[in-house]
Amino acid sequence: MKIQLKNLTKDYGSIVAVDDLNIEFDEKKITILIGPSGCGKTTTLKMINRLIERTSGDIVFDGKSINDMDRINLRRHIGYAIQEIGLFMHMSIFDNIAVVPRLLKWPENKVKNRVAELMDLVNLDPDEYMYKYPAQLSGGQKQRIGVARSLAANPEVVLMDEPFGAIDPINREKLQDAFLEIQEQIQKTIIFVTHDIREAIKLGDKIAIFNRGKLVQYDEVLNVINKPANGFVENLLGSDRALKGLETMRVKENFDTDFYSMNTIEIKTTGEALKFLDDNGRRYCYVVDGKNRLKGYVGKRELEKRKPETELKEEIKNIESLQPYSNLMEAISTMVVAGLNTCPVVNAKDQLLGVVRFKEIFKIAASFQSED
Amino acid sequence: MEVFEYMGENWSYILEKLWQHFYIFLISWAFAIVAGILLGIFVTRSGNEKIGKVVLSISGAAQAIPSIAVIALIFVFLGIGALPAMVALFIYSLVPIVFNSASGLLNVDPSVKESARGMGMSNSQILRKVELPLVIPTVFSGIRTAAVINIGTAAIAATIGAGGLGEIILLGLRMMSYPRILAGAIPVTLLAIVIDIILARLQKRIISPGLKILQEGRSF
Ligand SMILES: Nc1ncnc2c1ncn2[C@@H]1O[C@H](COP(=O)(O)OP(=O)(O)OP(=O)(O)O)[C@@H](O)[C@H]1O
Ligand SMILES: [Mg+2]
């Protein structure tokens, strides 16, 4: 669905929260609204689902003015997720996700399938969590349910107001990765509010930068980084543009698939593992299970100290991993902290996809510097 | 053991008074539940914030008024009999129910209501599907308090001709007869305890497990 904001204004009397805003959102893309506190991001978002009534201007959905739409029906067809999540504590996870489908009077078996499908999508095992209550979930899990709920009735448009704002940094990165993986599957038009520039760069296809109710710059992420409209945007971006450049690049496009891994189905003992390493001339090797899920790694030196018939499972050591949607900046910091030259990449289901090499990232960063 | 002798000899009289007592309690309490919840809802709807504040502070303060004062006032305005007594009991039970309903509804997390509205619930759906289920624990504890004080106050209401077990106690006091006093006091106490136990059971049943987990989590 195409959404246009035309001369959109919200005047509170004491303050003009949104001032003559004109934007056309790209379909099936993530548009980020960013800017300092009080610049009118939330107000803009809430005018789109009419939680706030505009003072003047218009909002147009596929050529149809918001005036000609029933407010309640409109909201049922636009997904909405907020920082506070606002889950219903008296309802099970199932009932929470089922709210909008039931408002739309879907038959109950369709609702049920949809809930299970969405829980899979946000990576929460339906069998385990469907009948739990929000109070039994962690913050990150609740946020996933909030996202699932906003997608429940399969809306074309989803509004999200700092949905990951209250999550600690480590879990936030994981949620962001999962979110991008989900978006690749569902392809919704997403309008996403944040005040974190790193989140904006990581998630956005386009970024709309606000200051005091006015739109300062609206462009694709790389263009914003390369050609900030003015000092305000430059400030928002921070100083180090080479590193910011790395933030726009994803592990997904920059990992190698030539790596070695052994499978616990085929290789069961340390003796077999040593043979595998010798045959391939390796000192280390990743270990995966029958479903290609990363279990860790083994090293030749350690294995040699064991009896050959020792079970391989006992010798597997944990290893940090990256996700395809992590950006290269995150990859560097993970690798530095973990002391890895090469880091495995796994998808949301923990399946091993490839490896990222420190050297390669370095080359990319260097190329950014020279472009300046 | 004269008590049991007395009770044995007058069981049908005591049973009649017990029934009367239960009856005035039940009617006044039931009306108070309905009126209390409705009033609580009304004063917390948007636009009624001012009345809401007034009702909340009045009902907050009124919980401290002794029951005898309410009964005395009703006597002054409505005179003697079962009906004035029930009016007094109604008013007295109304207070905790209104207070708990209104304060419960006012305390519902605004972000929860906002997400309900943002998903496309109408005002009445938000009330029925979100707000009321969330405040059941608070409202219910008001209802329980009301039941217990109602049964106790009903005994005092015998002074204005309410009938009920209070009548036996009053007669006993006048005649300085301990068996009579106890023959009234024991059933009143039992009635209050039994009703409270039943309500406690009911409360466990109707409160959502999700909210129970929340409460238990908090109390640690
Ligand atoms: N109901 C209201 N009455 C008056 N002013 C309001 C009202 N709601 C918001 N404002 C003002 O409008 C401006 C924009 O608010 P808004 O919530 O859109 O900001 P925001 O960009 O989302 O900020 P934040 O990052 O802090 O969430 C702020 O100055 C705010 O104080
Ligand atoms: Mg905001």
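**Exercise 1.** Over which ring does the charged end of A:Arg149 sit?

*Solution.* Start with the ground rules: this is a predicted model, where local features need pLDDT of at least 70, side-chain atom pairs count only at pLDDT 80 or more, and totals for chains, interfaces and linings use all residues. Residues are numbered from 1 along each chain as its sequence is written, chains are lettered from A and ligands numbered from 1 in the order in which they are written, and side-chain values use heavy atoms, leaving out hydrogens and water.

Next, the test: NZ of Lys or CZ of Arg must be within 6 Å of the ring centre and within 35 degrees of the ring normal. The ring under A:Arg149 is that of A:Phe88, with its centre 5.0 Å from the charged end. A:Lys110 does likewise over A:Trp106, at 4.1 Å from the ring centre.

**Exercise 2.** Work out how the rings of A:Tyr284 and A:Tyr297 are arranged.

*Solution.* Rings of Phe, Tyr and Trp (its six-membered ring) pair if their centres lie within 6.5 Å; planes under 30 degrees apart are stacked, over 60 edge-to-face, the rest tilted. Chains together hold 10 aromatic pairs. Here the centres are 6.0 Å apart and the planes at 55 degrees, so call it tilted.

**Exercise 3.** Describe the pair B:Trp19 and B:Phe22.

*Solution.* With centres 6.1 Å apart and planes at 40 degrees, this pair is tilted. Now check accessibility (buried under 20% relative accessible area, exposed over 50%, partly exposed in between; 1.4 Å probe, protein chains only). B:Trp19 is exposed at 54%, while B:Phe22, at 23%, is partly exposed. Finally, ring pairs link both into a cluster with B:Tyr23, B:Phe25 and B:Trp29.
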